[in-house]
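Hi,

Here is the structure I promised to pass on.

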Amino acid sequence: MDVIPLDDPTEAQIEQWHAVLTAVHAAEPAGDPAPVREQTARLLRDAGRRLWAAADGGETAAVAELRLPGGPGADRPGEIDIQVAPAHRRRGLGTRLMAVAAEGLRADGRGSVIAQVLAGTPAVPFLESHGFVCVLTLSGLLLRLDDLPPDRVPKLVAAGPSGYRLVRWRGMVPDEYADALARAKHAMADLAEYEGLPWDADRVREMAEMVAKRGDDLYTVAAVQGTAVAGFTEIVVPAGAPERAAQYDTAVVPEHRGRRLGIWVKAVMLEWLAAERPEVREIETDNAGDNAHMLAVNEELGFRRQRESREYQAAARDLPTIHSTRL
Ligand SMILES: CC(C)(COP(=O)(O)OP(=O)(O)OC[C@H]1O[C@@H](n2cnc3c(N)ncnc32)[C@H](O)[C@@H]1OP(=O)(O)O)[C@@H](O)C(=O)NCCC(=O)NCCS
């Protein structure tokens, strides 16, 4: 079995990578739309990722990507994703790719790595066999816009609390709100806790740049009081597959909670998207399993539970080395 790094993937390599993703999706669809080739191509050309493909009998059988957020050597966990085509599983390919990606992780000086996987799939025993520990359980929810009663969004928008100003932008945060948005992002303690990383204006901009590089569109709605962002919500509409948009962060800072700001900014976002991007038909979101409040907000809006996923983390030093694998 050969593992090759893809520094500058060719059209043929993109095609083979996409074939692996398509085969994996067909085996475990989880309600997600099938991968779109254009999106695969864009992901593979994003310079922020390291990529490897494993061939078995001349055919690409498995692929791995490692993201190293924050640039070389940053003090943040890497993010790994390994996909093995169903016909090639349980032969050590996943482990081999994990070992190769782990070398990349350690070479960059990263202390740990995270992976997000679907509950109840082979990924769970696979990661646990490599010493990964579950740090977060996430409920995957889906909102089908066609199922929404027509008066729901206008009523929620009209019921917004007084004393706040609505601001919205597409793409990069305007400079005047960058620090305030970072402070509001800090309110999402659940993620920061295990990433151990504070939000600042640079990290906010980095996230927006990452989305733009993929060709996707980021929309943000914020409720502002004075110069403070009291609450905000973000949606990303993927290029090439805009029918299903993804909810990114939503947060209300502690001193502004209990005033229905969260549901308000989300309803304003839905109204904006309906006018600006009518091709969006569904919105998907992940909520931390213990975030009862956000789950309640989403269910009131009309989101329905689809699946459960888990975020796993491991220390780089505990991951397999190339010499320890059986291939
Ligand atoms: C998870 C996945 C990558 C595993 O790939 P793989 O090549 O089959 O994994 P390996 O052969 O290296 O398995 C290593 C160990 O993981 C555990 N494991 C893997 N699949 C398992 C399964 N279906 N049931 C129980 N244990 C399993 C076993 O301990 C296995 O060792 P063993 O075969 O000696 O018992 C593959 O199933 C996959 O692509 N799943 C879909 C995509 C995904 O969820 N990726 C995870 C993101 S990191």
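Below are my notes on the ligand site, one of the pockets and the cavities.

Before you start: this is a predicted model, in which local features need pLDDT of at least 70 and side-chain atom pairs count only at pLDDT 80 or more, while totals for chains, interfaces and linings use all residues. Residues are numbered from 1 along each chain as its sequence is written, and side-chain values use heavy atoms, with hydrogens and water left out.

**The ligand**

The ligand has 20 residues around it, and I82, V84, R90, G94 and T95 are the closest. (A residue counts as near if one of its heavy atoms lies within 4 Å of the molecule.) By class, this shell has nine nonpolar, five polar and six charged residues. Here Ala, Val, Leu, Ile, Met, Phe, Trp, Tyr, Cys and Pro are nonpolar, Asp, Glu, Lys and Arg are charged, and the others, Gly among them, are polar.

Which backbone atoms come close to oxygen atoms of the ligand? A polar backbone atom of R90 is 2.8 Å from a ligand oxygen, a backbone N or O atom of G94 is also 2.8 Å from one, and for R91 the distance is 3.3 Å. On its own the ligand would expose 920 Å², and the protein buries 79% of that (Shrake-Rupley areas with a 1.4 Å probe). Two or more shell residues come from each of β4 (78-84), α3 (93-107) and α4 (123-129). Those names are DSSP runs numbered from the N terminus, with helices (H or I) of at least four residues and strands (E) of at least two.

**The second largest pocket**

Rolling a probe the size of a water molecule over the atoms shows where empty space is left. The search used a 1 Å grid over the protein atoms alone: a cavity is a set of points where a 1.4 Å probe fits but cannot get out, a pocket is an open set with protein on both sides within 12 Å along at least five of seven lines, and lining residues have an atom within 4 Å of a point. Points are joined across faces, edges and corners, and a volume is the space filled by probe spheres set on them.

The second largest pocket comes to about 280 Å³. It is lined by 14 residues, with G48, L68, G70, G71 and K213 the closest to its centre. Helix α8 (residues 201-213) gives the most to this lining, four residues. Domain 1 (2-138 + 311-324) and domain 2 (149-301) each provide at least three lining residues, with the bounds taken from an automatic or database domain assignment. The lining splits into five nonpolar, three polar and six charged residues.

**The cavities**

How many cavities of 30 Å³ or more does the structure hold? There are two.

- The largest cavity has a volume of about 50 Å³. Its lining includes W169, M172, L181 and E234, and α8 gives the most, with three residues. Eight of the lining residues are nonpolar, two polar and one charged.
- The second largest cavity holds about 40 Å³ of space. Among its lining residues are T233, Q247, K266 and F303, and α9 (261-276) gives the most, with three residues. The classes here are six nonpolar, two polar and one charged.

Cheers

Technical notes. Polar contact = N/O pair within 3.5 Å; in protein donor to acceptor, adjacent residues only side chain to side chain.
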